[in-house]
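Open the model in your viewer and keep the selection panel at hand. Each stop below says what to select and what is there.

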Amino acid sequence: MAARSKARKRAVDVLYEADVRGRDRLDLLRERVADGHPPMSDYAVELVEGVAEHAQRIDELIARHATGWTLERLPDVDRAILRMAVFELLWEDDVPDPVVIDEAVELAKSLSTDESPAYVNGVLGGILDAELPT
């Protein structure tokens with residue numbers, strides 16, 4: 001697995017755990033960095049910090065484009081994947097948009113339900129079309 005793919009997986013792990021346990025993302029991130037097992041790469045830290053910094057806007061976009069679901073009703077892991085990917089789409093300029101979406105879909109394939117990859121792809125595609133200039 002490529003370094004950035006591992007970083008995305010670790011970021012999703014932290015975002016998911018914080019959400020499920022009702023913990024502050026940054027507090028949990030600091031604990032995971034200090035623990036070091038498994039290690040948190042700089043990019044994973046950047047992703048979690050970015051989601052925390054832009055959480056309100058990210059959640060607004062997901063809620064607007066999550067057809068048929070409220071943000072709270074989305075599967076927890078899908079919500080974590082979407083949050084990480086929306087941050088990457090909108091605030092990480094060095095990663096091509098198709099790569100962000102493909103990585104998020106792959107995470108959904110490995111971590112979530114059979115329907116999740118297509119749903120994640122659709123939500124991210126909608127956000128991409130609505131929010132980013134072509």
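Select Arg10, which belongs to helix 1; helices here are DSSP runs of H or I with at least four residues, numbered from the N terminus. The model is predicted, so local features need pLDDT of at least 70 and side-chain atom pairs count only at pLDDT 80 or more, while totals for chains, interfaces and linings use all residues. Residues are numbered from 1 along each chain as its sequence is written, and side-chain values use heavy atoms, with hydrogens and water left out.

Arg10 counts as buried because its relative accessibility is 13%. Buried means under 20% relative accessible area, exposed over 50%, and partly exposed in between, with a 1.4 Å probe and protein chains only. Now show what surrounds Arg10: apart from neighbours within four places in sequence, Arg10 is in contact with Arg32, Pro38, Pro39, Met40 and Ala44. Contact means heavy atoms within 4.5 Å.

Stay on helix 1 and select Glu17. With 16% relative accessibility, Glu17 counts as buried. Leaving out residues up to four places away in sequence, Glu17 touches Leu28 and Arg32.

Next, select the whole of helix 1, residues 3-21. Its 19 residues reach 27 Å from the first C-alpha to the last, close to the 27 Å expected at 1.5 Å a residue; the expected span is 1.5 Å times one less than the number of residues. Among the buried residues of helix 1 are Ser5, Ala7, Arg8 and Val12. The buried residues of this helix pack against helix 2 (25-35), helix 3, helix 5 (76-91) and helix 6 (97-111). Just past the end of helix 1, Gly22 has a positive phi of about 65°.

Move to Pro38, in the loop between helix 2 and helix 3. What kind of peptide bond joins His37 and Pro38? The bond is cis, with omega about -10°. Most peptide bonds are trans.

For a charge and a ring, select Arg4 and Tyr43 together. The charged end of Arg4 sits over the ring of Tyr43, 4.0 Å from the ring centre. A charge sits over a ring if NZ of Lys or CZ of Arg is within 6 Å of the ring centre and within 35 degrees of the ring normal.

Go on to Gly50 in helix 3, residues 42-53. Gly50 is buried, with a relative accessible area of 4%. Beyond its neighbours within four places in sequence, Gly50 is in contact with Ile58 and Phe87.

Trp91 is partly exposed, with a relative accessible area of 31%. The structure holds one aromatic pair. The rings of Phe87 and Trp91 have centres 5.9 Å apart and planes at 15°, so the pair is stacked. Rings of Phe, Tyr and Trp (its six-membered ring) pair if their centres lie within 6.5 Å; planes under 30 degrees apart count as stacked, over 60 as edge-to-face and the rest as tilted.

Turn to helix 4 and select Ala55, Ile58, Asp59, Leu61, Ile62 and His65, its buried residues. They cover an arc of only 160° around the axis, which puts them on the same side of helix 4; the arc is that of the directions from the helix axis to the C-beta atoms. On the face turned away from the buried side, helix 4 carries the exposed residues Gln56 and Arg64. Helix 2, helix 3, helix 5 and helix 7 are among what covers the buried residues of helix 4.

Finish at Leu124, one of the buried residues of helix 7. Leaving aside residues up to four places away in sequence, Leu124 touches Leu82, Ala85, Val86, Leu89, Ile101 and Ala104. Within the largest nonpolar core, which has 44 residues, Ile62, Ile81, Val86 and Leu124 touch the most other members. Helix 5 gives the largest share of this core, 10 residues. A nonpolar core is a set of buried Ala, Val, Leu, Ile, Met, Phe, Trp, Tyr and Cys residues joined through side-chain atoms within 4.5 Å.

Conventions
Helices (H or I, at least four residues) and strands (E, at least two) are DSSP runs, numbered from the N terminus.
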